[in-house]
Amino acid sequence: VGTNVVLTAESTRPLASAALILEDGSRVEATTLGDIAEFAFTIGTDHRFHLALTDTAGIANADPVLHRILAIADRPPEVAIRRPGQDSELGKDMRVPLLIEALDDYGVAHAELRYVVNDESAFVKVPVALDSALELQLTQTYTWDLSTLDLLPGDRLSYRVRVFDADVITGPNAGESRPYTLRFPSLYEIQQAVG
């Protein structure tokens, strides 16, 4: 849906006119040059159509073939956190290197990291700068710096990545990774690790 199509047809004879006739009776007139006809249209819904061609001698094509257009709705992007890719503990440098992979049929426009601390209800959103936008397949590294958060030993963060596509027809769709948990070790666990 929303795809701009240019369909080119080649005839065995020079053309005087050509039209794409949709099953609802509407027409898309072609531009012709010699034996070539070009039809430009935008996919909106499923349709059946045939081509009506007339050569320079006034002879039309007999028994035109019926073709189908299948309009596929835009799907939300797919996204996964490949690294660490599991529940983990926060290290003493308070940084988490993430490897994010995403794909979408329109292209990934932007991304954000969403997290909650402990049992809070509202997500905090952190923009993730993309190395290149509008890629159909995206592999992105991002170092999440948690040093500015007032985390206490024993705190847990639930996080995920959300990406948005570049669908300008129906509006951006969003896809989310599965959630992971990041835990700040307790004082006892920190002491055990040191001792």
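**Grounds for the descriptions**

Reply: Of the contacts in the protein with a separation of 6 or more, 63% are between residues 24 or more positions apart, contact meaning heavy atoms within 4.5 Å. The model is predicted, so local features need pLDDT of at least 70 and side-chain atom pairs count only at pLDDT 80 or more, while totals for chains, interfaces and linings use all residues. Residues are numbered from 1 along each chain as its sequence is written, and side-chain values use heavy atoms, with hydrogens and water left out.

Me: What makes the protein more spread out than a compact globule?

Reply: The protein has one helix and 15 strands; helices (H or I, at least four residues) and strands (E, at least two) are DSSP runs, numbered from the N terminus. Its radius of gyration is 27 Å, well over the 16 Å that the globule rule gives for 195 residues, and it is therefore more spread out than a compact globule. The radius is taken over C-alpha atoms, and the rule is 2.2 Å times the number of residues to the power 0.38. Along the principal axes, the C-alpha atoms fill a box of roughly 95 × 30 × 20 Å.

Me: Why is the contact between E176 and R114 called a salt bridge?

Reply: The term requires a side-chain nitrogen of Lys or Arg within 4 Å of a carboxyl oxygen of Asp or Glu. In E176 and R114 the closest N and O atoms are 3.4 Å apart, so the pair meets the definition.

Me: Which other residues form salt bridges with E176?

Reply: R160 meets E176 at 3.1 Å, N to O. This pair links distant parts of the chain, with E176 in β14 and R160 in strand β13 (residues 156-165), 16 residues apart. R162 also meets E176 at 3.1 Å, N to O. Here too distant parts of the chain are linked, R162 in β13 and E176 in β14, 14 residues apart. E112, R114, R160, R162 and E176 are linked in a network of salt bridges, and a search of the whole structure finds 10 salt bridges.

Me: How do you know whether R114, R160, R162 and E176 are buried or partly exposed?

Reply: Buried means under 20% relative accessible area, exposed over 50%, and partly exposed in between (1.4 Å probe, protein chains only). R114, at 10%, counts as buried, and R160, at 19%, is buried as well. R162, at 23%, is partly exposed, as is E176 at 31%. Of the 195 residues of the protein, 34% count as buried.

Me: What makes a group of residues a nonpolar core?

Reply: The members are buried Ala, Val, Leu, Ile, Met, Phe, Trp, Tyr and Cys residues joined through side-chain atoms within 4.5 Å. The largest such core has 27 residues, and those with the most contacts inside it are L98, L113, W144 and Y159. Two or more residues each come from β8 (78-83), β10, β11 (124-128), β12 (135-145), β13 and β15 (180-183); β10 gives the most, with nine residues. Leaving aside residues up to four places away in sequence, W144 touches M94, R95, V96, L98, L113, Y115, L157, Y159 and L182. A second, separate core of 15 residues includes L20, A37, F41 and I69.

Me: Why are β1 and β4 said to stand at the edges of their sheet?

Reply: Two strands pair if DSSP finds at least two bridges between them. Three strands form an open sheet in the order β1-β5-β4, with antiparallel pairing. β1 (4-10) and β4 (31-33) each have a single partner strand, so one side of each is left without a neighbour in the sheet. Neighbouring strands of this sheet are turned by 20° against each other on average, direction ignored; axes are lines fitted to C-alpha atoms, for helices over the stretch in contact, and angles run from 0 to 180 degrees between N-to-C directions.
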